[in-house]
Amino acid sequence: MLSNLRILFNNATLRKGHNSVVRNFRCGKPLQNQVQLKGRDLLTLKNFTGEEIQYMLWLSADLKFRIKNKGEYLPLLQGKSLGMIFEKRSTRTRLSTETGFALLGGHPCFLTTQDIHLGVNESLTDTARVLSSMTDAVLARVYKQSDLDILAKEASIPIVNGLSDLYHPIQILADYLTLQEHYGSLKGLTLSWIGDGNNILHSIMMSAAKFGMHIQAATPKGYEPDPNIVKQAEQYAKETAKVAASDWTFLHCLPRKPEEVDDEVFYSPRSLVFPEAENRKWTIMAVMVSLLTDYTPMLQKPKF
C-alpha cells in the first residue's frame with residue numbers, strides 16, 4: 001500500500017532557577033465565546049466544531065510562543081500523569097507526547113503491548129477502569145478505532161486518539177498549525193492529497209471544510225477512502241477543481257519512502273515537512289492542556 005503523501009496548495013527554556021509551582025494557572029483575557037474542552041475525549045475531529053478546533057490551534061500557538069520564543073516556565077500539567085498506549089511504534093507521536101507532557105510538568109508513562117494486556121488477557125473495559133484510577137488521561141495509538149470507542153466509553157478520564165485505522169487527528173492539528181503559520185490563514189486553502197485513502201485523509205475530510213478549506217484527493221484504485229467517511233464529508237465539504245497556486249507548499253507526515261517524493265521537492269524551500277514535525281509537539285501539548293485544565297491563551301488569537 002502506498003504510504004501517505006501529501007501536497008497542500010494555497011488557493012487565493014525553561015527559565016533557569018525557576019522553582020515555583022503553578023496551580024490552576026490562568027492568563028489572558030476570557031474568550032468572548034468560551035470554548036470548554038476540559039474532560040472531553042479526542043477520538044476524531046468529526047466531533048469538534050470549527051471554533052473548538054481553532055481553539056486548540058490557538059492554544060498550540062500560545063504555548064509555542066510563550067515556551068519556545070519567550071522561555072517561560074508553564075507547569076500547567078504539574079502533578080498529572082498520562083498513560084501512553086502504543087500498539088504501533090512511532091517516532092514523532094512518542095517524542096512529541098512524552099517531551100511535551102513532561103515540559104508542562106506532567107509525568108508520561110509509555111506502555112507497549114508487552115506492558116499492557118489491551119483486550120487480550122484483560123478486557124478493554126477493565127483496562128480503561130484501571131487506567132482511570134491511576135492516570136489523568138490516556139493517549140492510545142491502536143490498530144482499531146473500535147478499541148478507542150470502548151476505552152472512551154468505559155474510562156472516566158479523557159481518551160486521545162494517537163492513531164487508529166480510521167483517524168489520525170493529532171497529525172492533522174500539526175498540519176493545520178503549520179499551514180496557518182505559513183499562510184497566515186486557513187480559509188480558502190486547497191488541500192491536495194496524493195496517496196492511499198487512509199486515516200490522515202479521513203481526518204482531513206472530517207475537518208477541512210470547517211475552516212472553509214477545499215480538498216482534492218488522488219488515490220490509487222483499490223485504496224480509496226472509506227465510503228462511509230466520504231458520505232459524511234460530503235455533507236459539509238465542497239468539491240474543488242483548482243490547480244496548484246504559485247505559492248504551493250509541501251507536507252508529509254513522515255517517515256518518507258524514497259519512491260514517494262524526490263529530494264528536490266522534499267528538501268526544497270517550499271517543503272514544510274520539518275516545521276510540521278515540530279508542531280506535532282506543540283499541538284499535542286495544546287490538546288492535553290485543553291482537556292485537563294482551565295488555561296486560557298494569552299497570545300492574541302491568530303486568524304483562521
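User: How many disulfides does a search of the whole structure find?

Analyst: A disulfide is a covalent bond between the sulfur atoms of two cysteines. Here the term stands for a pair of cysteine sulfur atoms within 2.5 Å. The search of the whole structure finds zero. This is a predicted model, in which local features need pLDDT of at least 70 and side-chain atom pairs count only at pLDDT 80 or more, while totals for chains, interfaces and linings use all residues. Residues are numbered from 1 along each chain as its sequence is written, and side-chain values use heavy atoms, with hydrogens and water left out.

User: Is C253 buried or exposed?

Analyst: Buried means under 20% relative accessible area, exposed means over 50%, and partly exposed lies in between, with a 1.4 Å probe and protein chains only. C253 has 10% relative accessibility and counts as buried. C109, at 34%, is partly exposed.

User: Which peptide bond is cis?

Analyst: Most residues other than glycine have a negative phi, and most peptide bonds are trans. In this model the bond from L254 to P255 is cis, its omega being near 0 degrees. P255 belongs to the loop between β8 (249-251) and α8 (263-266). Such labels follow DSSP runs, numbered from the N terminus: helices are H or I with at least four residues, strands are E with at least two.

User: What is the phi of L254, and where is this residue found?

Analyst: L254 is not a glycine, yet its phi is positive, at about 65 degrees. Like P255, L254 sits in the loop between β8 and α8. Its relative accessible area is 14%, so L254 is buried. L163 also has a positive phi without being a glycine, with a value near 150 degrees. L163 is part of strand β5 (residues 159-163), and with 7% relative accessibility this leucine is buried.

User: How should I read a helix with buried residues, and which residues of α4 are buried?

Analyst: One way is to look at the directions from the helix axis to the C-beta atoms, which define the arc. In α4 (residues 145-154) the buried residues are Q145, D147, L148, L151 and A152. Their arc around the axis is only 155 degrees, so they are on the same side of α4. They pack against α3 (124-134), β4 (137-141) and β5, where contact means heavy atoms within 4.5 Å.

User: How many salt bridges does the search of the whole structure find?

Analyst: Side chains of opposite charge can pair when their charged atoms come close. The criterion is a side-chain nitrogen of Lys or Arg within 4 Å of a carboxyl oxygen of Asp or Glu. The search of the whole structure finds nine. One of them joins E181 to K64, with the closest N and O atoms 2.9 Å apart. This pair links distant parts of the chain, since E181 is in α5 (residues 169-183) and K64 in α1 (residues 50-69), 117 residues apart. E181 is partly exposed at 39%, whereas K64 is buried at 12%.

User: What about R129 and E154?

Analyst: Their side chains meet in a salt bridge with an N to O distance of 3.2 Å. R129 in α3 and E154 in α4 are 25 residues apart, and the pair again links distant parts of the chain. E154 is partly exposed, with 22% relative accessibility. Elsewhere, salt bridges that share partners join R66, K70 and E72 into one network.

User: What is the order of the strands in the open sheet?

Analyst: Two strands pair if DSSP finds at least two bridges between them. Four strands form the open sheet, in the order β3-β2-β4-β5, with parallel pairing. β3 (107-112) and β5 are the edge strands, each pairing on one side only. Neighbouring strands are turned by 20 degrees against each other on average, direction ignored. Strand β2 (residues 81-86) is joined to β4 by five bridges, and M84 stands opposite L139 in β4.

User: Which helix lies across β2, β3, β4 and β5?

Analyst: That is α2 (residues 91-103), which runs at about 175 degrees to β2. Axes are lines fitted to C-alpha atoms, for helices over the stretch in contact, and angles run from 0 to 180 degrees between N-to-C directions.
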